[in-house]
Each structure stands twice: as structure tokens, then as C-alpha cells.
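Reader: Hi! Could you walk me through this model, sheets and helices and a few residues?

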Amino acid sequence: MVTEEKRIEEVSFSAAQSGDLDLFLLLEDDSLHVSVTDEANHVLALTKLVCQEHTSSYDFLQESMHAEPLLRLKYNSVSVGIGNQTFSLVPKRLFDEQAAPSVYHHLLGPHGDGFHLVDEFQTDEFVSVFFVEKHLHESITSLFPGAGIHHVSSTLIPVFQNLARQNQETALYGCVSGEVLYLSFFKAGELQFFNRFHFRSARDFLYFVLLVYRQFSLKPDQTPLYLGGSLLSDSSIYN
């Protein structure tokens, strides 16, 4: 069963103008973030759908199509971000497309029927290698013909890196999406670490953050942590 957790729409938003707008989806294990933007990248509509029962990403996407009218409009472009654990970052200088099949197996391990995809970063320094199950891939391409399929890391890391290079400091940057934490560590503006953590409580959240501090011998009082995303000021994590 799919339910709507939140919804925001600008007064100026009109479904009749969707052909001039862009749709971005972020598909997590149990949630789907939907945003509609104009050519100036202004957000006109935003909603979050949540799956109340354990189901596959394929079934969740199919049910979301029936539940959410925004998904049934025709758009100028559609991008689908996949937020899953089955991914790996590879320095572009070391990635050999001709040896890609063996690289996929080595980095991601054996998987069932599906597709290994490669995302190039805007910074041109890394590629993100990730796996998408066959049924989910077919569902995306049939429901949204011509849609770009990306891993969420290829969107978040350039944003974090821009901030890190502006600040020119050793720091952690994170984004919270539901019960998922995307966490990165930058030193002198250069990426040292990025991963995705699934947490159930504030204690889990703190454990994963401190894990990165320990891994790189950092001190919380000397190395700042910047967080964004769905983090409320009255939540246990924020406190």
C-alpha cells in the first residue's frame, strides 16, 4: 500500500504545462521522492510516497504510478535516481570500459538478473558503478521512455564537493532521506569517502557517523559535520 507522507505545490504549478517541465524521482527501499522543476530549476511540485508494506522496488513503482497523478503526466525530461547499497565508486582514470564485466563482478559481487550501469560525475573524476534489477529497469524504461537512470551518488557527491571546495576544510557532509544517511568525507576539497547507511534509530545514526570519524582518525570537535535533507529540528537525531 502506498501513502503520501508530504506534498508541496507552488500556486503557479499547472499540470497542463508539464511538457515544459522536468521530473526527478529518487527511489529508495521504501520511499519515492517526486519533484517537478522548471527550466530555471525551480521546484514547482514536491511529494514523498511511502510504501507501508515490504515489497520490491518494481512493485512499489508500479503502485506509485496508480497513486500519484504527477507520475502520469508527460514531461520534457525524466531522471530516476536509484538509492541502493549495490554501488561502488571508481576513479575514472582506473576504469576500463572494455574490462567492465569483470570489474562489476569484483566490485559489486554476483547478482541475479539485471543491469550494471555506469554513471559519470560532473566533476569528471569518478564513475559510479551500480546494479539495477531487470524488472525494475524494465518498469522504469516502460513507464518513462527515454528516462535517465542514475545512482543517487552521482547527484549528491558533486553537490558535496562544491561545498567542500568552497569551504576548503576537512569536513563530513551528509544527506538524510527517511531512514537512509548518505555520508561523505572531504579533505582539502577532495573526496576521501562516500557511503550509504540505513538506520533505525538516533543511536544507529550516531554510530555510523562516529564510525567514519574513527576510520579516518578524526575528532568531532575539530572536524565539522554538515547535514541536509529530511532532518527536523524536533527529531531525536537533531537533538
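Reader: What kind of model is it, and what are the ground rules?
Author: It is a predicted model: local features need pLDDT of at least 70, side-chain atom pairs count only at pLDDT 80 or more, and totals for chains, interfaces and linings use all residues. Residues are numbered from 1 along each chain as its sequence is written, and side-chain values use heavy atoms, with hydrogens and water left out.

Reader: Thanks! In what order do the strands of the four-stranded sheet come?
Author: The order is S12-S11-S10-S13, in an open sheet with mixed pairing. Helices (H or I, at least four residues) and strands (E, at least two) are DSSP runs, numbered from the N terminus. Two strands pair if DSSP finds at least two bridges between them.

Reader: And which strands stand at the edges?
Author: Strand S12 (190–198) and strand S13 (225–229) do; each has a single partner strand, so one side of each is left without a neighbour in the sheet. On average, neighbouring strands here are turned by 15 degrees against each other, direction ignored.

Reader: How many bridges link S11 and S12?
Author: Eight bridges, with S11 (residues 180–187) and S12 paired in the antiparallel sense. Val 180 stands opposite His 198 in S12.

Reader: Which helix packs on that sheet?
Author: H5 does, touching strand S10 (171–177), S11, S12 and S13. A contact means heavy atoms within 4.5 Å. The direction of H5 makes about 20 degrees with that of S11; axes are lines fitted to C-alpha atoms, for helices over the stretch in contact, and angles run from 0 to 180 degrees between N-to-C directions.

Reader: Nice. Is Phe 205 buried or exposed?
Author: Phe 205 is buried, because its relative accessible area is 6%; buried means under 20%, exposed over 50%, partly exposed in between (1.4 Å probe, protein chains only). Phe 205 sits in helix H5 (residues 202–215). Val 176 is 29 residues from Phe 205 in sequence, with 9.9 Å between their C-alpha atoms.

Reader: Switching topic: what is the order in the three-stranded sheet?
Author: S6-S8-S7, an open sheet with antiparallel pairing. Strands S7 and S8 (residues 126–133) share seven bridges, and Asp 119 stands opposite Ser 128 in S8. Helix H3 (residues 134–143) packs on this sheet, touching S7 and S8, and its direction makes about 100 degrees with that of S8.

Reader: At what angle do H1 and H3 cross?
Author: Roughly 25 degrees, and the axes of H1 (residues 57–67) and H3 come within 8 Å. That makes H1 roughly parallel to H3, a label for angles under 35 degrees. Among the residues that meet are Leu 61 and Met 65 in H1, with Leu 136 and Ile 140 among those in H3.

Reader: How many residues does the largest nonpolar core have?
Author: It has 47, and Leu 23, Leu 32, Leu 71 and Ile 82 have the most contacts inside it. A nonpolar core is a set of buried Ala, Val, Leu, Ile, Met, Phe, Trp, Tyr and Cys residues joined through side-chain atoms within 4.5 Å. A second, separate core of 14 residues includes Leu 172, Phe 197, Val 209 and Tyr 213.

Reader: Last one: where is Thr 37?
Author: Thr 37 is in strand S3 (residues 31–37), and is buried, with a relative accessible area of 12%. Not counting residues up to four places away in sequence, Thr 37 touches Leu 21, Asp 22, His 42, Val 43 and Leu 44.

Note on methods:
Parallel < 35°, antiparallel > 145°, perpendicular 65-115°, else oblique.
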